[in-house]
Structure formats: C-alpha cells, structure tokens
Amino acid sequence: MARRSTSSALTRAYTRNLKALTQATLGTGKKMAARMQHAAEQQNKAPPGPGDWLAGLAVGPAGARRYHLYRPPGLQLAPGEKIPLLVMLHGCGQTGRDFAASTRMNRLATRERFLVLYPEQDRMANPQGCWNWYDTRSGKARAEATTLMAAVDQVCLFHPVDRERIAVAGLSAGASMAVLMATHFPARFKAVAMHSGVAPGAAQSSATALGAMRGRRTPVVSVTAVGKALGAAAVGAHLPPLLVLHGDGDTVVSAGNAHATAAVWATATGATSGVERTLQRGQRRPMRITDYARDGRTLVRLCEIAGLGHAWSGGLASQAFSDASGPDASRLVWAFAEQQFTQRP
C-alpha cells in the first residue's frame with residue numbers, strides 16, 4: 001500500500017507539474033504572439049501627420065520586401081500629370097516608419113507635392129534590420145538592390161510617378177545601399193543622397209564591413225580603384241549627381257568615408273573640386289560645403305557637419321539616430337534632388 005501511495009503521489013505531482021508547465025508555455029506563447037502583433041501594428045501604423053500611409057510588398061531575387069508609400073493629403077492632379085518620387089532607405093535598427101518620423105520627410109512632401117517610398121528590410125535577411133550593402137562578393141547586395149528596384153517599379157506602375165524625377169536617399173546602411181542602387185541602376189535616378197554612409201567598394205563581405213565603417217578600407221582614388229569601387233559599367237554610365245552628408249563627430253561610420261565617396265564619384269563623373277565654404281543657419285551646427293562640378297553643373301556636393309554624430313541631421317529629437325541641432329538634412333536632400341530634376345544631363 002505504501003508503494004501505491006508513493007506512486008500515486010508521484011503521478012499526481014508529475015501531472016500537476018506538466019499542467020503548470022503547459023500553462024506557462026501557453027502563457028509565454030500568447031505573450032510573444034501579443035508582442036509580435038503589437039510590433040506589426042506599430043510598424044503599419046502611419047507616422048504622425050496627414051496623408052496616406054499605403055502598405056505594399058515587392059518580390060525580387062532577394063525575396064519579398066515590405067514597403068510603405070506616403071501620399072500627400074488632398075493630392076489633386078491634372079489629367080496626365082506625374083509627380084516626383086523620393087526613395088528613403090532607413091538605417092540599422094530602424095523601420096520605415098521610424099525613418100519617416102525622424103526625418104519628417106512626409107511634411108516636406110506634403111508641401112512640395114511628391115511621393116515618398118519607404119522600403120523595409122526583413123529581419124530574416126538581416127537581424128539588425130540593416131540593408132546588406134556590403135555583401136557584394138556573394139551577390140547578395142546586388143540581389144537586394146534589384147529587389148528594391150522592384151518596389152520602385154511597382155509604385156511607378158500603380159501611382160502617378162514621373163519616371164524622370166526619381167531620387168534615392170538613405171541613412172547609414174541605407175545610405176550605402178542608396179549609392180549601390182545608383183551605381184547598378186544609374187539611368188533610373190536623377191539624384192542620390194548619402195547620409196553617414198560607407199564609401200562604395202570599401203567592403204565586399206560582412207567580414208570587411210566593420211573595417212570599412214571605421215574608415216580603414218576607404219578606396220584609394222585612381223581610375224583603376226574607381227572602376228573596382230563602382231564597377232566598370234557604372235563608371236562608363238552617366239552616374240546621377242550625388243549629395244554626401246556626414247558629421248565629423250560620427251564614431252560609428254568614419255567621416256573619411258564621406259571624403260572617399262565624394263572623390264570616387266567626382267573621378268567617375270569627371271568633376272573637379274571647388275573652394276570649400278562654411279554655412280550656418282541660426283543656432284544650428286555649421287557645415288562645410290565643397291562642390292565638385294563639370295561644365296558648370298554640380299555633380300557632387302560634400303557637406304561636413306560640425307560635431308554631428310551618427311544621426312540624421314535636423315531630425316526629430318525624440319527619435320533614435322536623429323539630431324535636431326544639425327542643419328535640416330531633409331530640406332537639403334529635397335533641394336538637391338529638385339535642382340537635378342530641372343537640369344539636363
């Protein structure tokens with residue numbers, strides 16, 4: 001009898017423990033599911049302000065990528081009228097919604113009447129949410145750039161986009177991907193803006209990306225080096241004009257990348273450097289500006305912002321990777337793009 005009682009007690013204890021474990025597991029699963037659902041809802045939630053925040057999905061050689069398209073409120077177009085498109089690529093640890101909130105580009109798009117496309121990196125493709133700009137050796141970077149172009153094409157197909165007025169801009173990893181897209185598809189963009197990015201050709205794999213970010217692998221500028229950095233096809237093509245923005249206080253991506261990128265792009269486009277000038281508006285951080293021109297047209301503009309770290313200059317203070325004390329990068333990007341839209345190649 002004692003043995004049966006002991007056995008029954010052990011069985012009851014086992015059953016209780018199994019039930020408790022099952023309930024705990026189900027509870028944890030429900031909490032995880034709730035957190036995932038909340039994250040998805042936040043991701044799809046429109047950033048502050050009027051206008052439409054339209055979700056979409058593009059499929060390409062790198063798989064599927066979500067995106068959101070911002071359409072200004074009350075947009076009334078004349079028959080056959082087309083408007084510009086600005087592609088905005090977020091940095092690591094950000095979402096498209098975060099980037100929209102930080103840059104406040106939607107507010108500018110409402111005033112200036114243009115569409116803004118915010119592609120979204122898939123965390124399965126990169127756990128930190130970084131665009132894989134550096135993985136050129138394996139072909140992953142090219143595949144991702146092509147997939148992003150599929151998103152651009154999809155938006156052009158279903159919305160009144162002027163294909164002759166498309167620009168691409170990005171921050172950090174998004175900046176490096178923006179330049180990569182411009183070198184692979186130079187005829188598709190009229191302007192490209194690189195904010196705190198890595199010089200093209202500075203990395204070919206994840207193993208070399210960190211050194212490139214720290215400025216230890218910036219390409220030496222020569223005709224041969226430029227060919228390797230941008231690719232022979234890109235050097236022979238008409239690259240779109242480039243705006244480079246970088247803070248000289250950036251400890252994540254060395255500002256040496258800004259100088260290297262400007263030099264590489266200038267060499268590829270045959271532009272020569274002008275005299276550096278300093279500009280400051282009110283109490284915002286000053287910036288040093290150098291234009292590289294050919295035949296009177298600015299093909300590269302380098303803006304070095306004093307004391308700025310790894311953040312979008314002039315961005316919303318409450319957002320990560322955003323510094324309100326710098327000059328308004330969103331205005332600078334749009335002004336540069338708009339200028340290129342009105343000029344002949």
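Leaving out neighbours within four places in sequence, Gly247 is in contact with Ala255, Ile305 and Leu308, where contact means heavy atoms within 4.5 Å. This glycine is found in strand E7, residues 242-247, helices (H or I, at least four residues) and strands (E, at least two) being DSSP runs numbered from the N terminus. With a relative accessible area of 1%, Gly247 is buried; buried means under 20% relative accessible area, exposed over 50%, and partly exposed in between, computed with a 1.4 Å probe and protein chains only. Gly247 and Arg285 are 38 residues apart in sequence, and their C-alpha atoms are 9.9 Å apart in space.

The model is predicted, so that local features need pLDDT of at least 70 and side-chain atom pairs count only at pLDDT 80 or more, whereas totals for chains, interfaces and linings use all residues. Residues are numbered from 1 along each chain as its sequence is written, and side-chain values use heavy atoms, with hydrogens and water left out.

Taken as a whole, the protein has 10 helices and 13 strands, and buried residues make up 48% of its 345 residues. Among contacts between residues at least 6 apart in sequence, 66% join residues at least 24 apart.

In soluble globular proteins, nonpolar side chains tend to be buried together. A nonpolar core is here a set of buried Ala, Val, Leu, Ile, Met, Phe, Trp, Tyr and Cys residues joined through side-chain atoms within 4.5 Å. The largest such core has 59 residues, of which Leu85, Leu89, Leu117, Met177, Met181 and Trp265 touch the most other members. A second, separate core of 31 residues includes Ile289, Cys303, Leu308 and Ala337. Returning to Leu117, and leaving aside its neighbours within four places in sequence, its contacts are Tyr67, His68, Leu69, Leu85, Leu86, Val87, Met88, Ala151, Val152 and Val155.

Helix H4 deserves a separate look. The expected span of a helix is 1.5 Å times one less than its number of residues, and because H4 (residues 140-158) has 19 residues it should span 27 Å, which agrees with the 28 Å between its end C-alpha atoms. Its buried residues are Ala141, Ala143, Glu144, Ala145, Thr147, Leu148, Met149, Ala151, Val152, Val155 and Cys156. What covers these buried residues includes strand E1 (52-60), strand E2 (63-71), strand E3 (83-89), strand E4 (115-119), strand E5 (161-171) and helix H5 (173-184).

Two packed helices are described by the angle between their axes and the distance between the axes. The axes of H4 and H5 come within 10 Å and cross at roughly 85°, the axes being lines fitted to C-alpha atoms, for helices over the stretch in contact, with angles running from 0 to 180 degrees between N-to-C directions. Angles under 35 degrees count as roughly parallel, over 145 as roughly antiparallel, 65 to 115 as roughly perpendicular and the rest as oblique; H4 and H5 are therefore roughly perpendicular to each other. Ala141, Arg142, Glu144, Ala145, Leu148 and Met149 of H4 make the contact with Met177, Leu180, Met181 and His184 of H5.

The loop between E4 and H4 holds Asn132, which counts as buried at 1% relative accessibility. Not counting residues up to four places away in sequence, Asn132 touches Gln121, Ala125, Asn126, Lys140, Ala141, Glu144 and Met177. Its side chain is joined to that of Asn126 by a polar contact of 3.1 Å, a polar contact being a pair of N or O atoms within 3.5 Å; within protein, one must be able to donate a hydrogen and the other to accept it, and residues adjacent in sequence count only if both atoms are side-chain atoms. A polar atom of the Asn132 side chain also lies 3.5 Å from the backbone oxygen of Ala125.

Gln121 lies in the loop between E4 and H4, and its C-alpha atom is 9.2 Å from that of Asn132, at a separation of 11 residues in sequence. Gln121 is buried, with a relative accessible area of 3%, and a polar contact of 2.8 Å joins its side chain to that of Arg65.

Two residues other than glycine have a positive phi: Arg104, at about 55°, and Phe321, near 55°. Arg104 is found in the loop between helix H2 (96-103) and helix H3 (105-112) and counts as partly exposed at 27% relative accessibility. Phe321 is found in the loop between strand E12 (312-313) and strand E13 (322-323), and counts as partly exposed at 36% relative accessibility.
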